[in-house]
Amino acid sequence: NMIRQGRLLHVLLNSLTGAIDFIPFFTEFLGASLYCLSALLFCTLLQTVCEGKLSTFALIAFTTVYLSNSINVEKFLYELDLLAVMVSFCCCPLGLLYARRFVRGDRRAAIPAVLLTMGTISSYESFLFLYVCVVFAILILEILNHPEKWRFSDVWKTGLGFALVLVAATGAYYLLVAVLRGITGLNTAFARETAWDTSERGFGGALSGVLLTIIRYFRNSLQARYQPIAIFCAVSGLGGLLILRLSRKRKNLWLIPCFLGMFLSNFIIQIVFGSFPPRTAQTFCFYVAFLVLLMAAWWERKPLGRAVAPIALCLLVLIQSADMNRWFFNDYVRSEKEGYVVHTLATELQSGYDLSKPVIFTNCPDHWNKDGGYLMTRLYPGADVNGNSVIYWCGNTVTGYCPTFISDLFRLYGYDFLVSPTTQLAQAAQEAAKGMPIWPQEGCIREFDDFIAVNFG
């Protein structure tokens with residue numbers, strides 16, 4: 001599936017580390033370490049652009065806000081996904097460091113820039129837009145550092161150089177994906193999520209539908225008091241006002257379009273797909289942290305700011321950390337409830353069923369719903385994000401997706417008796433389970449000639 005979807009970093013990491021298997025705490029530790037490393041690399045990039053002029057407080061502000069941004073909690077709910085995403089976060093600033101050297105005339109930096117940018121986008125295509133967001137941040141710092149030297153031609157040439165690296169990396173990467181698909185015969189079988197159907201509504205209708213989706217997402221998030229989105233909106237407003245002030249003070253209006261470009265880069269993936277795929281907020285952690293860095297660097301130069309800025313920063317990090325802890329606790333509660341289901345099922349299956357037959361879980365949702373009495377955690381209110389259960393419970397066995405995850409889950413809790421079903425048996429179980437009671441009602445487990453069916457829906 002990862003080759004079909006063009007996510008080669010997942011394939012490589014699994015081949016090297018086997019991290020798709022359950023390794024409690026280990027992958028989380030590696031993921032957290034890589035995420036901290038990415039913060040250090042981003043600080044190195046920003047400090048390099050500023051020629052060492054950023055203060056320690058400004059870098060601390062960036063790092064703490066970046067690391068505590070709770071919108072990235074979802075990554076820690078998935079084993080292999082976590083490592084792949086965090087590796088891409090590390091590749092992004094490294095790729096841009098070399099890309100900047102290439103743009104400034106060092107042609108030898110072109111190859112490492114392209115290779116590292118390929119590593120950036122090799123986990124998820126949404127990292128394309130993180131690259132774009134950081135490029136605009138670099139342009140803002142370059143203009144602030146030497147406002148008298150940056151005019152239209154300079155901004156255009158520099159942006160074009162970064163774009164050249166991104167286009168080369170994207171082309172090379174997807175050419176590699178196409179070659180591997182051809183060699184393995186695993187052609188894509190996934191329809192891209194999009195709302196750009198212009199056959200009935202026309203282009204204007206499709207565009208207005210996409211924009212309304214974005215507005216509805218933010219409205220729902222703010223109504224649900226979802227902290228990352230509230231912070232995103234507040235920081236965007238304050239950052240926009242600061243950019244207006246700086247553009248006037250530095251006498252360089254190109255700060256404004258660069259800020260608008262950075263702001264809009266957060267929505268490119270929604271506009272391209274026409275919907276909210278799971279990686280919709282990949283840029284938010286950097287975007288918010290960068291604007292906080294600008295505000296910290298500006299405020300600390302004011303007499304009052306030296307006292308107020310650290311307090312404001314501590315409050316922001318505290319709010320983000322509390323929100324992060326809440327989501328981790330929700331996942332812990334969800335895990336406890338899922339563990340209860342595993343123990344209950346294992347006890348019943350071991351009490352009188354022939355466990356030499358495969359146990360097939362039929363009609364499984366991708367996550368438990370509230371009506372079924374199980375916790376459902378939405379990390380992004382109103383968006384299509386699977387931040388609910390780390391396990392699919394073999395709900396998609398018929399299509400061949402993650403057919404062994406349920407065995408891994410039972411083995412994690414000490415039950416090593418499940419036999420993975422074939423696709424043919426899974427299809428037969430789906431038919432046989434029609435009309436069966438739903439878990440945990442009596443009769444939801446039934447033994448057939450070739451398999452045991454547990455009906456979940």
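Mentor: What follows begins with the helix pair, and then turns to a further helix and to the sheet. The model is a predicted one, and in it helix α6 (residues 127-145) packs against helix α12 (residues 284-299) at an angle of about 10°, the two axes lying 10 Å apart. Because angles under 35 degrees count as roughly parallel, α6 and α12 are therefore roughly parallel to each other, and the crossing in which α6 passes α12 is right-handed. On the side of α6 the contact is made by L130, C133, V134, A137, I140, L141 and L144, while α12 contributes F286, Y287, F290 and L294. An α-helix has 3.6 residues a turn, so residues three or four places apart point the same way.

A further helix, α10 (residues 255-265), can be described through its burial, since L255, C258, F259, G261, M262 and S265 are buried there; these residues cover an arc of only 160° around the axis, which puts them on the same side of α10.

As for the sheet, three strands form an open arrangement in the order β1-β3-β2, with mixed pairing. The edges are taken by β1 (359-362) and β2 (445-447), each of which has a single partner strand, so one side of each is left without a neighbour in the sheet. Neighbouring strands of this sheet are turned against each other by 20° on average, direction ignored. Between β2 and β3 (residues 452-455) the pairing is antiparallel and runs over three bridges, and I445 has V454 in β3 as its bridge partner.

Methods: Residues numbered from 1 in each chain as written. Predicted model: local features only at pLDDT ≥ 70, side-chain atom pairs only at ≥ 80, totals over all residues. Heavy atoms only, no water. Pairing = 2+ DSSP bridges. Helix = DSSP H or I, 4+ residues; strand = E, 2+ residues; numbered from the N terminus. Axes fitted to C-alpha atoms, helices over the stretch in contact; angles between N-to-C directions. Buried < 20%, exposed > 50% of the residue type's maximum accessible area, 1.4 Å probe, protein only. Arc of directions from axis to C-beta. Parallel < 35°, antiparallel > 145°, perpendicular 65-115°, else oblique. Left-handed = near helix turned anticlockwise from the far one by under 90°. Contact = heavy atoms within 4.5 Å.
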